[in-house]
Amino acid sequence: KNPSPNDIRMGEIAKMLDLNRDMVRMWFYNRNRKERLLEEKRRRETYKDTSYFDEKKSNETVEVEKKGRPSINIKR
């Protein structure tokens, strides 16, 4: 149910399954990482199907600002 159980809960799960706590921790890490990657892939495919990435816009320059850093221009 919980995608990120705390250390105590992971210890309980490890004990129930007769596994090392680090093995349980890595299982949750890998599962959550896989979910993030799949979500990112779905998001990219969604944007790919929209007009956001039209040929007409491919030569535009976009201004990107990162936290505390000056803006940079990125060509699409």
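How many residues apart in helix 2 are Glu39 and Arg42? They are three residues apart, a separation of about one helical turn. The structure is a predicted model, in which local features need pLDDT of at least 70 and side-chain atom pairs count only at pLDDT 80 or more, while totals for chains, interfaces and linings use all residues. Residues are numbered from 1 along each chain as its sequence is written, and side-chain values use heavy atoms, with hydrogens and water left out.

To begin with the annotation, an unreviewed UniProt entry lists residues 3–39 as "DNA-binding region"; UniProt positions follow the numbering used here, feature names are shortened, and annotations may be inferred rather than shown by experiment. This span is 81% helix and 0% strand, and its end C-alpha atoms lie 15 Å apart. Helices (H or I, at least four residues) and strands (E, at least two) are DSSP runs, numbered from the N terminus.

Next come the charged side chains. Seven salt bridges are found in the structure, each being a side-chain nitrogen of Lys or Arg within 4 Å of a carboxyl oxygen of Asp or Glu. Side chains of opposite charge can pair when their charged atoms come close. In the pair Glu39 and Arg42, the closest N and O atoms are 3.1 Å apart. Glu39 is partly exposed at 34% relative accessible area, as is Arg42 at 41%; here buried means under 20%, exposed over 50%, and partly exposed in between (1.4 Å probe, protein chains only).

Also in helix 2, Glu40 and Arg44 are four residues apart, again about one helical turn. Their salt bridge has its closest N and O atoms 3.0 Å apart, and Glu40 is partly exposed at 37%. Arg25 bridges to Asp22 at 3.6 Å between the closest N and O atoms, and these two residues are three apart in helix 2 (residues 21–48). Both Arg25, at 35%, and Asp22, at 39%, are partly exposed. This pair belongs to a network of salt bridges that links Asp7, Arg21, Asp22 and Arg25.

Finally, there is a nonpolar surface patch. Met16, Leu17, Leu19 and Met23 form this patch, with about 430 Å² of accessible area together. Patches take residues with over 30% relative accessible area and no salt bridge, joining like charges within 9 Å and nonpolar side chains (Val, Leu, Ile, Met, Phe, Trp, Tyr) within 5 Å. Areas come from the Shrake-Rupley method with a 1.4 Å probe, and for residues only the protein chains shown count as cover. Met16 sits in helix 1 (residues 7–17) and counts as exposed at 60% relative accessibility.
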